[in-house]
Amino acid sequence: EAIDEAILQAAIIAGQDVVNDGSTASTPPGSSPSPAVPAIPQIQVNDRPFRTICQDGFDALKSSNTPPQLFVRACRIACIEATELGRPFIADCEETKLRHYLAHAADFYELSARGVRKEVPPPLDVAKNIQARNPASWGFPVLEAVVEAPTLRPDGTVLAQPGYDAASRLYLVPSPGLEDIDVPEQPCRDHVEVALDVIRDAIGDFPFVDQSSYANAVGAMVTSVCRHIISGPVPLALFDATTQGTGKTLLAEVIAIILTGRAAELSSAPNDPEEWRKQLTSILIEAPPLVILDNVTTTLDSGDPAKVITGEMHRDRVLGKSQTVSVPVRCSWIATGNNLQLGGDMARRC
């Protein structure tokens, strides 16, 4: 009996209740059960001032935004979505999406004259009212980009914890296989040597013309990994060759896999300046970590790519809408092609 009592006391200290058959119960003796999950807000949407209904909906939305799902980006409410293949990207939270989040933040209902309650969906006008507010009053976290592998914060520390990071304004969504990477905060010389060996194994077989070309390939790789500690713009990396099939696109793919754990999404270089503008704006709104212009066959000489490569912010009209958007430029750039030709000021931006 003394032994049984000692085991029981030890179990209580450990936070578990040992029962006779050796299993464990969820509630230790003498402790109170876990508190019930509080009910979500109940919002009546009729026979009340519209401003009060909107404020209640907004308050419920803010209270439910832990951990953050809604963000502020380019003076718009944004959220993180994913393609059917799992690639995360930043999307505008339009009225329909905002109603989805409102439906999870509160229950909306109407009350008849007899006091009968009727459940209703979140009113569209409430979602529009929230979007019409001053962006400074939203109070949602500011989001700059989504990353899919551990990266560096501006202060040099390592961001490895999935989710939103307030210090860097980044959201880490690890790709499959990259969830448990252990990145040392203070790497030693051995870590550096092993990392260099991995890089040599990854790109050592590419037919570089000389040592400087190899060094620039490593530089393009490191720049992409360290992009978020660089406050200003980064140059466009050119992967050039005289013949086809030398591995230019494959080299860009290797860098993309290091950044995201998946194959790159390749873009083409438009011929028309208007198409350049539309393509770059759409890309920068989604905030990919790496933009690859593959198999460039025309001379790179356009004002829009020159502007975004050397700029920190890009402002343009949203495709299909009569409104403008201003987004940060936080990606790295790569262009591949045979005998690449540069025009105008592009050479000093590459």
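This is a predicted model: local features need pLDDT of at least 70, side-chain atom pairs count only at pLDDT 80 or more; totals for chains, interfaces and linings use all residues.

Student: In what order do the strands of the open sheet run?

Tutor: The order is β9-β13-β12, with mixed pairing. The twist averages 30° from one strand to the next.

Student: Which strands stand at the edges?

Tutor: β9 (145-147) and β12 (163-165). Each has a single partner strand, so one side of each lacks a neighbour in the sheet.

Student: How many bridges join β12 to β13?

Tutor: There are 3, and the two strands run antiparallel.

Student: Switching to β6. Buried or exposed?

Tutor: Buried, for 5 of the 5 residues in 88-92, so β6 is largely enclosed by the rest of the structure. Pro88, Ile90 and Asp92 point one way, Phe89 and Ala91 the other.

Student: What does β6 pair with?

Tutor: β5 (residues 76-82), antiparallel, through 5 bridges. Ala82 has Pro88 as its bridge partner. The hairpin has 5 residues between the strands, and Gly86 takes a positive phi near 95° there.

Student: Now Asp294. Where does it lie?

Tutor: In the loop between β16 (290-293) and α10 (303-310). Asp294 is buried but has no salt bridge.

Student: Which side chain of opposite charge is nearest?

Tutor: Lys248, 7.5 Å away. A salt bridge needs the charged atoms within 4 Å.

Student: What polar contact does the Asp294 side chain make?

Tutor: One of 2.6 Å with the side chain of Thr336. Beyond its sequence neighbours within four places, Asp294 also contacts residues including Thr249, Leu266 and Ser267.

Notes: Residues are numbered from 1 along each chain as its sequence is written. Side-chain values use heavy atoms; hydrogens and water are left out. Two strands pair if DSSP finds at least two bridges between them. Helices (H or I, at least four residues) and strands (E, at least two) are DSSP runs, numbered from the N terminus. Axes are lines fitted to C-alpha atoms, for helices over the stretch in contact, and angles run from 0 to 180 degrees between N-to-C directions. Buried means under 20% relative accessible area, exposed over 50%, partly exposed in between (1.4 Å probe, protein chains only). Lys and Arg count as positive and Asp and Glu as negative; His and the chain ends are not counted. A polar contact is a pair of N or O atoms within 3.5 Å; within protein, one must be able to donate a hydrogen and the other to accept it, and residues adjacent in sequence count only if both atoms are side-chain atoms. Contact means heavy atoms within 4.5 Å.
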